[in-house]
Amino acid sequence: LIPLDILFLNAQGEIINIYEQAKPLSLKPITSQGMSRYVIELNGGMAKQLNLKPGLRVKGLLSETISKH
């Protein structure tokens, strides 16, 4: 088990906040600082290494425009 960086994104793919180095098996609640649609989990430390910050936009997320069967 490894620590995770957790990215919370809104419907437009913008990073709302990042929780860095979440401890494995912790029971501590981890929540977004706003309404989030997506969550991305990265290996712990990757958010800092990639210089990810709130306000940046992630491209390539699925949208509701994709037909549902």
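Modeller: The model is a predicted one. One definition is needed at the outset: a salt bridge is a side-chain nitrogen of Lys or Arg within 4 Å of a carboxyl oxygen of Asp or Glu.

Colleague: Asp5 is buried yet has no salt bridge; which is the nearest side chain of opposite charge?

Modeller: Asp5 is found in strand E1 and is buried. A salt bridge requires a distance within 4 Å, whereas the nearest side chain of opposite charge to Asp5 is 8.5 Å away. That side chain belongs to Lys48.

Colleague: The side chain of Asp5 reaches which backbone nitrogen at 2.9 Å, and which other backbone nitrogen lies 2.9 Å from a polar atom of that side chain?

Modeller: Leaving aside neighbours within four places in sequence, the residues in contact with Asp5 include Glu20, Gln21, Gly44 and Gly45. The side chain of Asp5 reaches one backbone nitrogen at 2.9 Å, that of Gln21. The other backbone nitrogen, with a polar atom of the Asp5 side chain 2.9 Å from it, is that of Gly45.

Colleague: What is the phi of Gln21?

Modeller: Most residues other than glycine have a negative phi. Gln21 lies in strand E2 and is partly exposed, with a relative accessible area of 38%. Its phi is positive, in a residue other than glycine, with a value near 60°.

Colleague: Leu25 also has a positive phi; is Leu25 buried or exposed?

Modeller: The phi of Leu25 is near 65°, and the residue is placed in the loop between E2 and strand E3 (38-43). The cut-off for the exposed class is over 50% relative accessible area. Leu25 has 74%, so Leu25 is exposed.

Colleague: With which residue does Glu14 form a salt bridge?

Modeller: Side chains of opposite charge can pair when their charged atoms come close. The count comes to 1 salt bridge, and in the bridge formed by Glu14 the closest N and O atoms are 3.8 Å apart. The partner is Arg57.

Colleague: Why does the pair of Glu14 and Arg57 tie together parts that are apart in sequence?

Modeller: Glu14 lies in the loop between E1 and E2, and Arg57 in the segment after helix H1 (46-49), so the pair ties together parts 43 residues apart in sequence. Glu14 is partly exposed at 28% relative accessible area, and Arg57 is exposed at 53%. The separation in sequence is thus 43 residues.

Colleague: Which elements give two or more residues to the largest nonpolar core?

Modeller: The largest nonpolar core has 6 residues: Leu7, Leu9, Ile15, Ile18, Tyr38 and Ala47. The elements that give two or more of them are strand E1 (4-9) and strand E2 (15-22).

How values were computed. Residues are numbered from 1 along each chain as its sequence is written. This is a predicted model: local features need pLDDT of at least 70, side-chain atom pairs count only at pLDDT 80 or more; totals for chains, interfaces and linings use all residues. Side-chain values use heavy atoms; hydrogens and water are left out. A nonpolar core is a set of buried Ala, Val, Leu, Ile, Met, Phe, Trp, Tyr and Cys residues joined through side-chain atoms within 4.5 Å. Buried means under 20% relative accessible area, exposed over 50%, partly exposed in between (1.4 Å probe, protein chains only). Helices (H or I, at least four residues) and strands (E, at least two) are DSSP runs, numbered from the N terminus. Lys and Arg count as positive and Asp and Glu as negative; His and the chain ends are not counted. A polar contact is a pair of N or O atoms within 3.5 Å; within protein, one must be able to donate a hydrogen and the other to accept it, and residues adjacent in sequence count only if both atoms are side-chain atoms. Contact means heavy atoms within 4.5 Å.
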